[in-house]
Amino acid sequence: MGDIREVRPTQPGNRVFALRVIAGRHQGAVLPLEPGREVLVGRSADADVVLDDELVSRSHLTIRWDNNVPVLEDPGSTNGTFVNGMRVQHWRLAPGDRIAVGGSLLKVVAELAPVSLAEARRLMKDAGHDNGKAVLEGTLDEIPLPEIVQLLGVTRKSGVLVLMRDDEHGAMYIDQGRIVHCALSGRADAVGLKAFVRILGWRGGRFRLDPPTALPSTRGLAERLDSILIEGCRQLDEIARLEKDISPATVLLRVVPPPGPAHALPPERQRILELASPSCTVETLLDRTPLTDLEVLQHVRSLELAGFLRRSR
């Protein structure tokens, strides 16, 4: 992604801002942003906020002030700075913004009890840990999954990203910033890209990054995380478009007497007809095949238009 310059309206009045580390080695630390005081973030011991991370430049970014609004400036760090998933050089910060710097993710928060910068640095040092516990965990409401995936890719992490939503559980196996397998519990055919796209579409839930474990013998993927993220988002967009025309998951599809020879259909569509016979919901059909959900929906739509499938009334 290219650098993006974002301009927002100046926020009126004096507000108390802070950065809360929501993922990374210093998770839990809170860094004050005092109006008018410039803050340097980097790996150098001379920085106001020291992030001991090889992916962080010595002088990575600066936070300055413009009419009581904190403004992030990245003069050209090696690995870049990302705000809300986009690489930026200049950004007017607002509460809720998430800043990815190396292996750390910071969130802009407002109206916290004031803490001195010296105290914050001490707390950051205390918060730094390497005790085998997960240093990346939280809720998908606070950190959207695309940003988690992006962070793991940029930092070339290894481990098992465990995801939970209600009674659903998923796992993404990651090796040096590449995803090598993805699975949903209880869904034998929902593996690889199919499982990744489904999890990517979740709204809400929790996650944690567990240490690397023995990888499954069957690897459904071997992709860079940024590449599969782009493909996953593309499929979700296509699925959303198709779902406007395709039967809802709770509506039955029925196989009807074909208007022409079924053997003339492509093999994948013949298989869809076999799996749908004599009737089933779209949701059930999605779970009966290892094809991606997008591929299934595309075949269903084509079969409906050709008269091989009909919606139950």
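**Entry 1: the whole chain**

I looked up burial first. Of the 313 residues of the chain, 45% count as buried (under 20% relative accessible area; exposed is over 50%, partly exposed lies in between, with a 1.4 Å probe and protein chains only). This is a predicted model, where local features need pLDDT of at least 70, side-chain atom pairs count only at pLDDT 80 or more, and totals for chains, interfaces and linings use all residues. Residues are numbered from 1 along each chain as its sequence is written, and side-chain values use heavy atoms, with hydrogens and water left out.

Next I looked up the secondary structure. The chain has seven helices and 20 strands (DSSP runs numbered from the N terminus: helices are H or I with at least four residues, strands are E with at least two).

The chain exposes about 15,600 Å² (Shrake-Rupley method, 1.4 Å probe; for residues, only the protein chains shown count as cover). Carbon and sulfur atoms supply 49% of that area.

I also checked contacts (heavy atoms within 4.5 Å). Among those between residues at least 6 apart in sequence, 62% join residues at least 24 apart.

**Entry 2: helix H3**

I went to helix H3, residues 192–200. Eight of its nine residues are buried, so the helix is largely enclosed by the rest of the structure. I noted the buried ones: Gly192, Lys194, Ala195, Phe196, Val197, Arg198, Ile199 and Leu200.

**Entry 3: salt bridges**

Side chains of opposite charge can pair when their charged atoms come close. I searched for salt bridges (a side-chain nitrogen of Lys or Arg within 4 Å of a carboxyl oxygen of Asp or Glu). The whole structure has 17.

I picked Arg92 and Asp66, whose side chains meet in a salt bridge at 2.7 Å, N to O. The pair links distant parts of the chain, 26 residues apart: Arg92 is in strand E9 (residues 86–92) and Asp66 in strand E6 (residues 61–66). Arg92 is buried, at 7% relative accessible area. Asp66 is partly exposed, at 33%.

Then I took Asp226 and Arg224. Their closest N and O atoms are 2.4 Å apart in a salt bridge. Asp226 is partly exposed at 37% relative accessibility, and Arg224 is partly exposed at 44%.

Arg234 and Glu231 came next. Their salt bridge has its closest N and O atoms 2.9 Å apart. Both lie in helix H4 (residues 225–242), and because they are three residues apart, about one helical turn separates them. Salt bridges that share partners also join Arg187, Lys194, Arg198, Asp287 and Asp293 into one network. Back at the pair, Arg234 is partly exposed at 41%; Glu231 is partly exposed at 26%.

**Entry 4: two loop residues**

I found Ser77 in the loop between strand E7 (69–73) and strand E8 (81–83). Ser77 is buried, with a relative accessible area of 8%. A polar contact of 3.2 Å joins its side chain to that of His60 (a pair of N or O atoms within 3.5 Å; within protein, one must be able to donate a hydrogen and the other to accept it, and residues adjacent in sequence count only if both atoms are side-chain atoms). Leaving aside neighbours within four places in sequence, Ser77 is in contact with Ser57, His60 and Arg87.

Last, I looked up Thr155. Thr155 sits in the loop between helix H2 (145–154) and strand E13 (159–165). Thr155 is buried, at 11% relative accessible area. Not counting residues up to four places away in sequence, Thr155 touches Leu55, Gly102 and Gly103.
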